[in-house]
Amino acid sequence: MEEEYSLDDPTRLVESASEFAYYPGPLTDAAAKDFLDRFPLPLIINALQTKADFPGLENALVTCLERVFKTKYGASLIPQYMSFVHVGLQAESQVVRSLACKTVTNLLENLDDTSISPIKLIIDYNIYPLLLDSLVTGNEQVAAAAIDAIKCIARFPEGMAVVFPANNKEVTYLGNLASRSSSLGRVRVLSLIVKLFSISKSVASVIYNSNLLSLLEAEISNSEDTLVTLSVLELLFELAEIQHSAEFLSRTTLLQLLSSIISNTSTEAILRSRAMMISGRLLSKENGFMFIDGSTIDRLLAQSESQDNDECESALEALGQIGWSIQGAELLLSGFLPAVRHVVHAAFDQQGHGKQLAALHALGNIVGEARPENSKILNADAEENLRCLIYEVASDGSKLTPSGLFLSILQQASEFRLAGYRVITGLVARPWCLMEICSKQDIINIVTDPTAETTKIGMEARHNCCKAIHNAFLSSKLVNESSLSGIAAKLQEAVRRGPYLARKQSEAQPVVITAERF
């Protein structure tokens, strides 16, 4: 075979492969077949094995094969060349190892022949252990390609037994792989676990029952390497984003570990800040209140009063994340009033730039700016506590009324106005807040002014705020107040105009000037 397809001068192959690899647009089965009819796969594989030092050959052929195997026609040929995949996964060349990993993915995703079991091929050619080796020893691109391939294996019912062996003594058990890997290798194994966790709730259940989440706990508990701990915290943040994560993480000690990091003053500030943000994200889930205990809130409150700006802002953001869901907001306003009091006071304290901004956004979350209309209003006790807090802050300062507080925010810089729009959008669903807004013509003037904002996000936030006020007005008793008809008309016109139309289009006017003479 090698003699039949050997090339003394691979120049033509490299040129054709480069043209094929970088041809714009999607690749069809017909184009892939036409290329392989001119340059059969054995020829390309032989060139990769014997002519890799030829300038440009390796990159051109690897890119070419990646495109070929993404087609249905190319994928149909992979079962005949599994020995090439096996060898490629052990190659010294990182680009060839990456190609081999991607070829496994293409086999699993694009093979249409139902008479062939891709998982059986992977088992027969001992591919999975080599993918794990590529994960922990390859470069960043190889590791990413290996993770994608393993995720594809786990999506097959018969592949689950490959990725999660019943016997945890197996060499391929991810816990064993992590224990014999370097710190970088362990982080990559944890990254794989998080990616697998995201596939489905059933896969997440297998991961939990296989005790693999304990690897995250152990790494956070034991690592003295700041970079490793930070990497694991980033993975935990990614894990917290997964919809079904709360159900399983509530059974672990991860939140307690995060809470310990937050309260440990000897821990680096960047780790404490990240731990606070992750705690907030975990607790922001609809069922996140399953996690919540008093110590976590107390520690966040303590850090929100920190002199370190980053830690303070992270703690305020975390409290806002807890208040994102209706359950979290009610819990804060019913059981942890000092924390919310601190958020409200900080939101209207113009002495601290970053702290005030973080507190305003946190307050916007708590009052329901991002929640559906039917979830903005909280239970009676929480609502009364919220109203009292707002009036308390107003009476303690020079503004005297909530409307004065709101106006003071809308008169600040654009980033504060944006946060202020969010707070009003959430709060105005309450009749007392609507009365405050309508009592201040200056607020109405700002939220209905199409020239008030110059950025897209600012225009949209202002318009959403205007719509929220208008909708609250229409559904309230104030709609029958003749003294407020002017405000109603102004709000209606601003809503109709939309967020972007700054001014009425004017006709072009001729300009008459004296001609210049030479």
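## Ground rules

Helices here are DSSP runs of H or I with at least four residues, numbered from the N terminus. This is a predicted model, where local features need pLDDT of at least 70, side-chain atom pairs count only at pLDDT 80 or more, and totals for chains, interfaces and linings use all residues. Numbering starts from 1 along each chain as its sequence is written, and side-chain values use heavy atoms, with hydrogens and water left out.

## Two asparagines with positive phi

Take the loop between α9 (118-124) and α10 (127-137): N126 sits there, with phi near 55 degrees, a positive value in a residue other than glycine. N126 is partly exposed at 40% relative accessibility (buried is under 20% relative accessible area, exposed over 50%, partly exposed in between, with a 1.4 Å probe and protein chains only).

N211 belongs to the loop between α15 (201-209) and α16 (213-222). Its phi is near 65 degrees, again positive in a non-glycine residue, and N211 counts as partly exposed at 49%.

## A buried glutamate

E66 is part of helix α5 (residues 57-70). With a relative accessible area of 18%, E66 is buried. Leaving aside residues up to four places away in sequence, E66 touches L99, K102 and N106 (contact means heavy atoms within 4.5 Å).

## Where α27 meets α28

The axes of α27 (residues 402-410) and α28 (residues 414-427) come within 8 Å and cross at roughly 145 degrees; axes are lines fitted to C-alpha atoms over the stretch in contact, with angles from 0 to 180 degrees between N-to-C directions. On the α27 side the contact uses F406, I409 and L410, while α28 brings F416, R417, G420, Y421, I424 and L427.
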